[in-house]
Amino acid sequence: EITEIHASLSSTFLTSLSSSTKPNTTPSSKAGQYPVLSLPYRQHQLLQLARLVQENADALCHSLWVDEGKPRQEVLMAEIGAVIDRALKSARELEAWVGGGADMGEDVKLAGWQVGWKARVEKKAKGVVLIISPWNYPITLTLQPVCGAIAAGCPALIKPSEVVPTFSKLLAELVPKYLDPATYRVALGGVPEITRILELKWAHIFYTGNARVARIIAAAAAKHLTPMTLELGGKSPVIIDGASLGEAELRVAARRIVWGKVNNAGQICVAPDYVLIEPAYIPQFISACRAALDSFFPNGALNSHDYGRIVSEAHFSRVKGLLRDTKGRVVIGGGVLDGSGGPHEGAWARGVEPTVVLLDEATAADDVLLQDELFAPILPILPVASVAAALEYVRAHAHPLVIYAFTESDEVKREVKAGTMSGNVVFNDTFNQLSGAYLSFVRFSFRRASILDEIPFGGVGESGYGRQPLKWTFEEFVYLRSVLDVPFSEEPKFGGRYPPSSKESLDF
Ligand code: NAD
């Protein structure tokens with residue numbers, strides 16, 4: 001079946017190439033009247049995508065509650081609102097991204113002697129693409145790349161994660177109701193299905209997930225020379241420059257760090273993974289973390305419907321293993337709700353309290369909490385002698401997706417930027433490079449939540465390559481095609497390039 005889907009998407013793309021030899025029709029309200037993958041067609045599909053999410057917001061929230069125990073507020077803020085907003089923006093800004101006009105591109109001005117030549121750069125769809133998404137923010141991380149593929153004019157096969165089956169099944173039902181089934185399809189399944197899918201030739205693969213699987217997918221893509229976007233994760237450090245912060249700033253820093261860690265129970269690619277801080281500021285920082293957690297969850301996180309759960313049994317035993325094996329001292333939390341078979345059901349039975357662990361500098365290097373990305377609500381604190389030592393530690397490890405640094409010092413900000421590599425650097429906040437939605441604002445109207453779309457997001461080295469959202473996602477799915485048109489009348493200028501060579505033409 002997958003071969004048939006691939007063939008049918010390819011045929012849609014070929015049709016789009018032949019139909020685009022005719023100029024675009026005037027936009028009309030009937031989707032069927034647009035030439036396939038023309039600009040008005042793409043804009044219509046983007047609006048349909050926004051409708052899909054808006055009209056099914058409740059069902060989508062519910063599916064993530066069933067699969068992950070994810071709080072509704074988190075889904076509205078980071079997924080539903082974000083995707084609607086970005087689909088609408090993509091439809092609105094698309095003409096500017098492609099260069100507009102029937103030919104869709106930009107004319108380029110050439111040097112004086114080339115006057116009369118016509119040079120252009122056009123952004124052309126790569127072809128039929130594959131989008132593979134993970135479970136942790138499945139609405140955003142599936143549909144945000146879909147927005148880019150639609151905008152670019154690429155038919156797409158969408159492969160959501162088998163770890164969130166209720167969501168993936170719902171998506172497979174909704175996509176054909178809202179998007180053109182000739183152009184956008186969903187494939188369900190796990191490793192056997194994706195392995196088969198990867199045998200086929202795709203024009204681009206957009207993968208979001210972990211670096212181990214990324215290597216498998218990149219190896220399969222290499223067989224067809226398929227370009228990729230890899231949105232991966234890793235250990236994003238937090239550097240606290242205690243010396244530059246007053247008591248109030250350290251309190252706010254702790255609140256922002258803890259908030260970044262408890263979202264989706266720490267299962268975020270940009271979660272603050274561990275904290276680097278000088279010993280003198282540690283007691284104050286720990287009590288500020290405790291105060292923040294008490295204010296977020298006055299009756300305890302595990303009793304709160306605003307606090308998420310661990311996605312699967314496999315991840316749950318991994319996280320429990322981390323708590324069991326760390327040599328550090330648990331200074332906040334540490335509790336586990338292992339309710340399988342009890343009054344709690346499904347995902348809701350797999351809870352891990354927000355937990356802060358103080359590591360011992362002497363034994364920390366081998367500690368289980370400092371090995372792989374934690375992807376859990378566990379925040380280890382690693383004491384360091386200075387900010388310089390913290391930077392040294394970060395430099396000695398894989399380039400993270402994000403470096404968070406809390407400082408009031410411009411000099412330290414400069415050192416963090418100049419002395420490290422990472423996909424993003426965020427000073428004095430967490431997670432805000434992606435969402436920026438404010439709670440009170442969201443409560444009044446989540447669709448108008450403020451989303452930070454003006455800076456690109458993505459990794460470097462082990463944390464991946466390629467960028468999102470909006471225009472940057474669109475750019476992942478197009479290639480730059482240069483077009484040069486040289487008039488016959490320019491021939492007199494080319495005399496010197498043809499053999500036989502003369503003495504003058506060989507003089508330099
Ligand atoms: P996952 O287990 O859902 O896997 C992601 C996708 O890979 C799924 O669609 C799955 O079917 C597919 N897959 C799994 N095994 C495969 C195999 N052997 N061959 C081919 N495909 C396979 O999700 P995950 O990987 O656990 O997601 C979490 C990771 O994703 C974390 O490392 C996190 O940091 C990263 N992440 C990155 C971003 C980002 O934007 N940079 C966002 C979210 C998550």
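**View 1. Welcome to the shell around the ligand, where 15 residues are nonpolar, ten polar and four charged.** In this count, Ala, Val, Leu, Ile, Met, Phe, Trp, Tyr, Cys and Pro are nonpolar, Asp, Glu, Lys and Arg are charged, and the others, Gly among them, are polar. The model is a predicted one, in which local features need pLDDT of at least 70, side-chain atom pairs count only at pLDDT 80 or more, and totals for chains, interfaces and linings use all residues. Residue numbers start from 1 along each chain as its sequence is written. The ligand is surrounded by 29 residues, and the closest are Pro134, Ser161, Gly209, Gly233 and Cys269; a residue is near a molecule if its C-beta atom, placed from the backbone, lies within 6 Å of it. Helices H7 (191–199) and H8 (211–223) each supply at least two residues of this shell. The largest share, three residues, comes from H8.

View 2. The C-alpha atoms fill a box of roughly 80 × 60 × 45 Å along the principal axes.

**View 3. Three strands make an open antiparallel sheet in the order S1-S2-S18.** Strands pair if DSSP finds at least two bridges between them. S1 (105–108) and S18 (478–485) stand at the edges with a single partner strand each, so one side of each has no neighbour in the sheet. From one strand to the next, the twist averages 25°; axes are lines fitted to C-alpha atoms, for helices over the stretch in contact, and angles run from 0 to 180 degrees between N-to-C directions. Eight bridges join S2 (residues 118–125) to S18.

**View 4. Take a closer look at Leu480, a residue of strand S18.** Leu480 is the bridge partner of Lys123. With 10 other C-beta atoms within 10 Å, Leu480 is exposed. Beyond its neighbours within four places in sequence, Leu480 is in contact with Val121 and Lys123, contact being C-beta atoms, placed from the backbone, within 7 Å. Glu122 is 358 residues away in sequence, yet its C-alpha is 5.8 Å from that of Leu480.

**View 5. Six strands form a mixed open sheet in the order S5-S4-S3-S6-S7-S17.** Its edges are S5 (184–186) and S17 (464–465), each with a single partner strand. S3 (residues 129–132) and S6 (residues 204–208) pair in the parallel sense over four bridges, and Ile131 has Phe206 in S6 as its bridge partner. Helix H5 (residues 138–152) lies across S3, S4 (156–159) and S6, running at about 160° to S3.

**View 6. Last stop: Gly423, in the loop between helix H13 (410–419) and strand S16 (424–427).** Gly423 is buried, with 26 other C-beta atoms within 10 Å. Not counting residues up to four places away in sequence, Gly423 touches Leu401, Val402, Gly458, Gly459, Val460 and Ser463.

How values were computed: Buried ≥ 20, exposed ≤ 12 C-beta atoms within 10 Å, placed from the backbone. Contact = placed C-beta atoms within 7 Å.
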